[in-house]
Amino acid sequence: MNNEFLQTEEAIVEMLKTVYDPEIPVNIYDLGLIYNVELDDEKNVHIDMTLTAPNCPAADFILEDVRMKVESVEGIRNVEVNLVFEPEWNKDMMSEEAKLELGFL
């Protein structure tokens, strides 16, 4: 893996950390909602993510925010966001920082 590829992946993660569920004061990356990020050689991004609840009222807003912010990373051609509910999200998937922020530690 070359340095440019790693920098692009890091930039994607940094952008994901700017996306929030409007009801939770922690970004979706630290919440553990991002299951997989794949970047191919043509700079297309495929993201598998979930929501804290299947009936999340902000689902469309969050998915569009993810797509738009990742597309803003320099060099990215296309972003596909796939919403999945397997495995089901639980609070153990959150980062230590998120657990602390939300009072789980």
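Among the elements of the protein (DSSP runs numbered from the N terminus, with helices being H or I of at least four residues and strands E of at least two), α1 has the lowest mean pLDDT (93) and β2 the highest (98). Here pLDDT is the predictor's confidence in each residue, from 0 to 100. The average over the protein is 94, and 99% of the residues score at least 70. The model is predicted; local features need pLDDT of at least 70, side-chain atom pairs count only at pLDDT 80 or more, and totals for chains, interfaces and linings use all residues. Residues are numbered from 1 along each chain as its sequence is written, and side-chain values use heavy atoms, with hydrogens and water left out.

Three strands form an open sheet in the order β1-β2-β3, with mixed pairing; strands pair if DSSP finds at least two bridges between them. Because β1 (34-39) and β3 (78-83) each have a single partner strand, one side of each edge strand lacks a neighbour in the sheet. β1 and β2 (residues 44-49) run antiparallel and are joined by five bridges, with Ile34 opposite Met49 in β2.

Helix α1 (residues 3-16) packs on the sheet, touching β1 and β2, where contact means heavy atoms within 4.5 Å.

Lys43 lies in the loop between β1 and β2. This lysine counts as buried because its relative accessibility is 14%, the classes being buried under 20%, exposed over 50% and partly exposed in between (1.4 Å probe, protein chains only). Beyond four places in sequence, Lys43 touches residues including Glu4, Thr8 and Arg77.

Terms used. Axes fitted to C-alpha atoms, helices over the stretch in contact; angles between N-to-C directions.
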